[in-house]
Amino acid sequence: METTPTDEDLMRSYVAGDGRAFDALFDRYATRLHAFFARSFRSGSVANDLVQTTFLKIHAARGTFDTTMPVRPWLFGIASRVRIDELRRRYRDAARASDEDLSKMTLPVEGGAERWPEANEEAERVRAAVDGLPEGQRIVVLLHRFEGLTFGEIAEVLSQTEGTKLTEVAVRVRAFRAFAALREALSDLVEEPS
């Protein structure tokens with residue numbers, strides 16, 4: 001019986017030059033990365049471009065990958081940097097855009113609700129509330145709630161992205177603050193227990 005290779009097995013093979021391993025990693029992660037970018041920018045075409053950019057960066061960085069480390073946080077670390085680059089590009093002044101400036105930025109919606117058939121008033125309010133979080137909290141919510149990364153994995157991702165070593169506790173604090181802000185902003189949508 002043939003076993004399915006782990007992400008780490010595939011990455012080791014890819015680093016060693018196996019192009020099929022890259023194809024398998026692409027098949028496993030392209031859809032998830034697309035969803036990650038689509039949630040941030042609400043645009044399928046932007047998400048397509050950012051997935052391509054992410055995989056180009058993965059290809060370029062494959063030689064620096066530590067094959068003893070888990071692949072998923074490394075991939076999402078690269079994707080998070082691509083996301084920040086796109087936010088800064090949209091901000092128009094990449095050299096001066098601080099994290100605080102980015103957190104105040106309103107993310108554009110491409111096509112509005114009619115482009116997103118599942119959209120309804122409540123879903124739009126949730127999206128707006130998530131979009132309204134400071135960037136450091138917003139990325140934690142996206143990675144934890146939607147991508148299923150653990151707080152430890154998110155600490156690894158954000159340490160790569162922000163250039164400073166973050167602990168799991170620091171990420172948990174960001175998550176706590178983010179979810180508290182979301183509960184407050186969306187309190188009328190939450191049914192109280194009887």
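The model is predicted. Its secondary structure amounts to nine helices and zero strands, and the order of elements from the N terminus is α-α-α-α-α-α-α-α-α. The chain has 194 residues, of which 37% count as buried. Among contacts with a separation of 6 or more, 62% join residues 24 or more positions apart.

**Nonpolar core**

- The largest nonpolar core contains 48 residues.
- Within this core, the residues with the most contacts are L33, F36, F37, F76, V140, L143 and I154.
- At least two core residues come from each of α1 (7-15), α2, α3, α4 (71-91), α6 (121-131), α7 (135-146), α8 (151-162) and α9 (168-185).
- In soluble globular proteins, nonpolar side chains tend to be buried together.
- F36 is in contact with F76, A79, S80, R83, I139, L142, L143 and E147, when its neighbours within four places in sequence are left aside.

**Packing of α2 and α3**

- Helix α2 spans residues 19-41 and helix α3 spans residues 44-61.
- The two helices pack at an angle of about 135°, and their axes are 8 Å apart.
- α2 and α3 are therefore oblique to each other.
- The crossing of α2 with α3 is right-handed.
- On the α2 side, the contact is made by F22, L25, F26, Y29, A30, L33, H34, F37, A38 and F41.
- On the α3 side, the contributing residues are G44, V46, A47, N48, L50, V51, T54 and F55.
- By class, the residues of this contact comprise 14 nonpolar, four polar and no charged.
- L33 and F37 belong to the contact of α2 with α3, and both are listed among the core residues with the most contacts.

**Packing of α4 and α7**

- α4 and α7 pack at an angle of about 140°, with a distance of 12 Å between their axes.
- These two helices, α4 and α7, are therefore oblique to each other.
- Their crossing is right-handed.
- From α4, the residues F76, S80, R83, I84 and L87 meet E135, R138, I139, L142 and L143 of α7.
- The contact of α4 with α7 consists of six nonpolar, one polar and three charged residues.

**Buried residues of α6**

- A129, V130 and D131 are buried in α6.
- The buried residues of α6 pack against α2, α7 and α9.

- R72 is located in helix α4.
- R72 has a relative accessible area of 18% and is therefore buried, since the cut-off for burial is under 20%.
- Not counting residues up to four places away in sequence, R72 touches Y29, R32, E147, G148, L149 and E153.
- Y29, one of the residues touched by R72, also takes part in the contact of α2 with α3.
- G148 is located in the loop between α7 and α8.
- With a relative accessible area of 44%, G148 is partly exposed.
- G148 touches R72, L143 and E153, again without residues up to four places away in sequence.

Note on methods:
Residues numbered from 1 in each chain as written. Predicted model: local features only at pLDDT ≥ 70, side-chain atom pairs only at ≥ 80, totals over all residues. Heavy atoms only, no water. Axes fitted to C-alpha atoms, helices over the stretch in contact; angles between N-to-C directions. Helix = DSSP H or I, 4+ residues; strand = E, 2+ residues; numbered from the N terminus. Parallel < 35°, antiparallel > 145°, perpendicular 65-115°, else oblique. Left-handed = near helix turned anticlockwise from the far one by under 90°. Contact = heavy atoms within 4.5 Å. Nonpolar A, V, L, I, M, F, W, Y, C, P; charged D, E, K, R; others polar. Core = buried A, V, L, I, M, F, W, Y, C linked by side-chain atoms within 4.5 Å. Buried < 20%, exposed > 50% of the residue type's maximum accessible area, 1.4 Å probe, protein only.
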